[in-house]
Amino acid sequence: MKKLFVMLLTAGALALGAVAPTAALAQTAAPAAETKKDEAPAAAEAKKDAPAAAADAKPADAPKPPNINKGDTAFMYTATVLVILMTIPGLALFYGGLVRSKNMLSVLMQVFVVFSLIAVLWAIYGYSLTFTGGNAFYGGFSKLMLSGVNGESAAATFSKDTYIPELIFVAFQCTFAAITCGLIVGAYAERMKFSAVLLFMVIWFTFSYIPMAHMVWYWDGPDAIKDEATLKTVTEAAGWLWAKGALDFAGGTVVHINAGVAGLVAAYVLGKRIGFGKEAMAPHSLTLTMVGAALLWVGWFGFNAGSNLEANGVAAFAFVNTLFATAAAVLAWTFAEWMLKGKPSMLGAASGAVAGLVAITPACGFVGIGGALVIGVAAGLLCLWGVTGLKRMLGADDALDVFGVHGIGGIVGALLTGVFASPSLGGAGICNYVTNKCGDAADFAGIGAQVWIQFQGVLTAIVLSGVVSFIALKVVDMIVGLRVSEEEEREGLDTTYHGESAYKL
C-alpha cells in the first residue's frame, strides 16, 4: 500500500510540473528538525571515565547543548492545552449541538475516542513518520514508540540556536493530528458505524494526514542552514511542498483542506441520511453549538500562535490575526445571511467564526492586519456560499458542512496567503536563513509565483485526501461495513450503538 501511495503521489508531482526554486526557504508552520540530542550528558559521562590527563582539554572543545528557552517552552505548554480544549470539548460540543438529540452522544463519543486513538497512533509511529528524515513524502522509522525522545532531546524552532523540549513538540503536533481526524466526523454524522469510524481513521491518518504533514512541515531546522550549499542540502531533504516554498503557518492544507475533502468523499460514499431533504434535521441545541464555537475560537489562539513555536512578535501577529480575521468573518456571514434570508442567525454567526478561523490558519503568521481582515471577509462570504449554493450543486449530504466550511475556508486561506504574505501588501514575506533576514522583499517569490506554489499545495491536499479517503472507505466497507441499518439510524445511534441517551425525559 505504501509503495502504491508513493507511486501515485510521485505521478501527481510530475503532473503538477516543476517550479523554479525560491531564493530562500519559507518559514512554515511546524518544522521539526531531526532531533539534535543533548550531548551534554554523554560528554559528562565520557569525561568522568577519561584519564586524568583529559582534564587539560579546552572547555571550547566540549559540545554545546541545545539552547532550550524556558519562556518558549512555557508558551508551548499553554498552546498545547488550548488545542486540546478546542477539540474536547470545543469541537465535540460544536458538532453535538448541530445533530439531532438522538445522535448527540454518538458525535461526542466519536470525537472523544478518535482524539484518543490518534494520540496513541501518534506516539507509536505517527511522529516518526512525520517528523524524521526519509523521503519527500514520508519520514522514517527511527523514532517509533518515540525512541530516543526524552527530557533532554530538543526540537528546533524558527530561530537559530533556539530550541524547545522535543516532548512538548511531540504533544503539540499530536493535537493537530487528532483534531484533523475529529473534523471529518461532522460529514458522516448520524449514519456511520462506530467500528467503521475507528478503522477509517487509522487508515486515513496513516496514508493522508502523515504524508501531507511531512510534505508541508518537515525540514532540518534553521541551524542546518549556513550557506547556499547547506541550504540546498536542507531543501533536498525536506518535505516535497516545503522544498517548493509552500506557506502553511498552522494547517490550511494539512488540516482543513485535508479533512474537508475526506468529509466530502465520505458523504458521497455513505449516501444521504434517511429522510434528508424531506424530514426536519435541524440542530437540537444551538446553545451547545455556540459554546462549542466559543471554545474553538479560544483554543484556536493556541493552534495558530503556538505554531510559531516561540513567544515572540510573530506569535503576536498570529494571535491578533486570528482575532481580527475571525471577527470579520462573523460579521461578513451574519450580514450576508441577514440580507439573503431577512434574519441573522446564531448558527450563521457561529459558522462564520469557524470559517474565519479556518481561513486565517495558513496565513496568520505571514500576513498583516489588513490582509487578515480581507481573508476573514472572503471566508465568511465564500463559506456561506459553500454551505448553501455549492452544497446544493454537489448534492452530497455533508451533515455538518465539513467541506463547505473547512474545505472551502482552507482553500481560500491557502491561496490568499500567497497574496497577502507579500511585503508590498504588509505581509511578513519569508525568512532567508543564509542571510539571517526575514521580510526582505527581494527574497519573496512574488505574488503570482507564490500563489502558484500555494495552488500546488491545495491541489496536492485535494488529490491525496480524495484518493486515500475513497480507498479507505471501500476497504472499511469490505471489512466491517460502513453504514448503520435503517432501523438503527431511525432510532438514533446513541441508544443503538452506545446504550445511552444524552437527555432523560
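## A buried pair

Arg-273 and Glu-190 are both buried, a term that stands for under 20% relative accessible area with a 1.4 Å probe and protein chains only. Their side chains meet in a salt bridge, 2.6 Å from N to O, where a salt bridge is a side-chain nitrogen of Lys or Arg within 4 Å of a carboxyl oxygen of Asp or Glu. This pair links distant parts of the chain, 83 residues apart, with Arg-273 in the loop between helix 9 (252-270) and helix 10 (286-305) and Glu-190 in the loop between helix 5 and helix 6 (194-217); helices here are DSSP runs of H or I with at least four residues, numbered from the N terminus.

## Basis of the values

The model is predicted, and local features need pLDDT of at least 70, side-chain atom pairs count only at pLDDT 80 or more, and totals for chains, interfaces and linings use all residues. Residues are numbered from 1 along each chain as its sequence is written, and side-chain values use heavy atoms, with hydrogens and water left out.

## Further salt bridges

The count comes to 10 salt bridges, and Arg-100, Glu-190, Arg-191, Arg-273 and Asp-397 are linked in a network of them. Asp-401 also forms a salt bridge with Lys-391, the closest N and O atoms being 2.9 Å apart, with Asp-401 in the loop between helix 14 (389-394) and helix 15 and Lys-391 in helix 14. Both Asp-401 and Lys-391 are buried.

Lys-143 forms a salt bridge with Glu-166, for which the closest N and O atoms are 2.7 Å apart, and both of these residues, Lys-143 and Glu-166, are buried.

Conventions: Buried < 20%, exposed > 50% of the residue type's maximum accessible area, 1.4 Å probe, protein only. Helix = DSSP H or I, 4+ residues; strand = E, 2+ residues; numbered from the N terminus.
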